[in-house]
Amino acid sequence: MQSHLSPSTASEPRIQGWCPGALRPMPSGDGLVVRVRPTLGRLTPLQAQGLAGLAQQYASPVLELTSRANLQLRGVCPDSYPDLIHGLRSLGLLDERADVEARRNLLISPFWTEADGTPAVCEGLNHALADTDAPALPGKFGFAIDLGAQAVLRSASADIRLERSGDQVLVYADGATTGACVPLHQAAPTAMALARWFVASGGVVNGRGRMARLLQRQALPAPFTTTRVPVAPAHTATVGNSATGMVVGLEFGQLPADTLHQLAALAPLRITPWRGLVLEGLHTAPNLPELITQPSDARLRVAACTGAPGCTQALGPTRALARFLAPLLPAGRTAHVSGCAKGCAHHGATLTLVARAAGFDLIEHGTADAAPDATGLDAAGIAAYLEQQRLHAPHV
Ligand code: SF4
């Protein structure tokens, strides 16, 4: 195994500080990235059909599901962009303005129901975030609306969290141990009050900022110190039947437009932050080869970003390595292969591999920007590392 003990000295990735939108696409190595944020994280059959057609006409014919439960099109050429935008607008998949789109960062449990109040809370937030006096939130700042009986979004990136607490809603800041418990109709205004406090307290520096970081230097306002945030078991993202419908996965969140066409004919689709879909109301999985339908499928245990050559910041390709490693991972382990130290595809894997100018850094139980445990590894070196782990694992 090739390995060095000193940290890599490869150049650090450029931090953009914002996520692409549809009205503000992000240039990448393969053209523009256009991200669509469907209302309630749901596509009607008509929207799904239309989106598949737009991808085939104006973008790469493979769409991507993101960890914020959005959909993005890649490889859009600037000349086609106006026609693509026209198509998205006619499908009802666009915000009115780019600033509203950027603020409307709502991550919604894919298991939401009308009865749990999610549509009403989202409508309240959408309205407030589109208002002319909406707080100037940074591009990555987001809200997690997680109103089911069990919280499922705790490990997903968000700054303000809304969870069920009996017949009320607990609104709390990411990283806090306390929050404010309010009736459902007060949930959106309370979340907006917390967002305003974030901005007024200096949470935004040079257009960037996250709630958990602000809490390291600022105490919460009194209303958000009244109710303890309960400890909740971590949600295990998997595939299979649910009360909402069939949950399916897609390798690296890659959704071919053909598959989207076929799914659109079957059911409305909800996007999960685990790079999968819920086929609303369906309780058997359709027989489509791209869908991951078995919880034991090794592909569910690996994540990888676009990597080279699609991303200009990548220092190497990622997905071939992730595919190679998937069947080699010992039980209970997950891996994230990142093209650079930004690690934008995933958080929380037990093993992270980061492309560097010379080989991969390997990080145990840490994020892509953490100090590596080994450096300069190739695929064979990483496989040997995993084999060593398997041999030394305690036998039950
Ligand atoms: S983590 Fe991957 S997709 Fe994100 S900037 Fe780095 S190489 Fe690009």
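## Domains

The C-alpha centres of domain 1 and domain 3 lie 26 Å apart. The model is predicted, with local features needing pLDDT of at least 70 and side-chain atom pairs counting only at pLDDT 80 or more, while totals for chains, interfaces and linings use all residues. Residues are numbered from 1 along each chain as its sequence is written, and side-chain values use heavy atoms, with hydrogens and water left out.

The domain assignment gives domain 1 (26–99 + 242–292), domain 2 (112–228) and domain 3 (298–392); such bounds come from an automatic or database assignment. Twelve residues of domain 1 are in contact with 16 residues of domain 3, where contact means heavy atoms within 4.5 Å.

## Nonpolar cores

A nonpolar core is a set of buried Ala, Val, Leu, Ile, Met, Phe, Trp, Tyr and Cys residues joined through side-chain atoms within 4.5 Å. Buried means under 20% relative accessible area, exposed over 50%, and partly exposed in between (1.4 Å probe, protein chains only). The largest core has 46 residues, of which Leu51, Leu63, Leu88, Leu255 and Leu277 touch the most other members. Helix α1 (residues 45–58) supplies the largest share of this core, six residues. At least three residues come from each of domain 1 and domain 2.

Another core, of 34 residues, lies apart from the largest one and includes Leu106, Ile108, Cys122 and Ala128.

## Strands

Helices (H or I, at least four residues) and strands (E, at least two) are DSSP runs, numbered from the N terminus. Two strands pair if DSSP finds at least two bridges between them. Strand β2 (residues 31–36) has five of its six residues buried. Strand β1 (residues 26–28) pairs with β2 in the antiparallel sense over three bridges, and the two form a hairpin with two residues between them. Met26 has Val33 in β2 as its bridge partner. β2 also pairs with strand β5 (residues 71–76), antiparallel over four bridges, and Leu32 stands opposite Val76 in β5.

An open sheet of six strands runs in the order β6-β7-β8-β9-β10-β11, with mixed pairing. Its edge strands, β6 (106–108) and β11 (227–228), each pair on one side only. β7 (residues 143–146) and β8 (residues 160–165) are parallel over four bridges, with Phe143 opposite Ile160 in β8.
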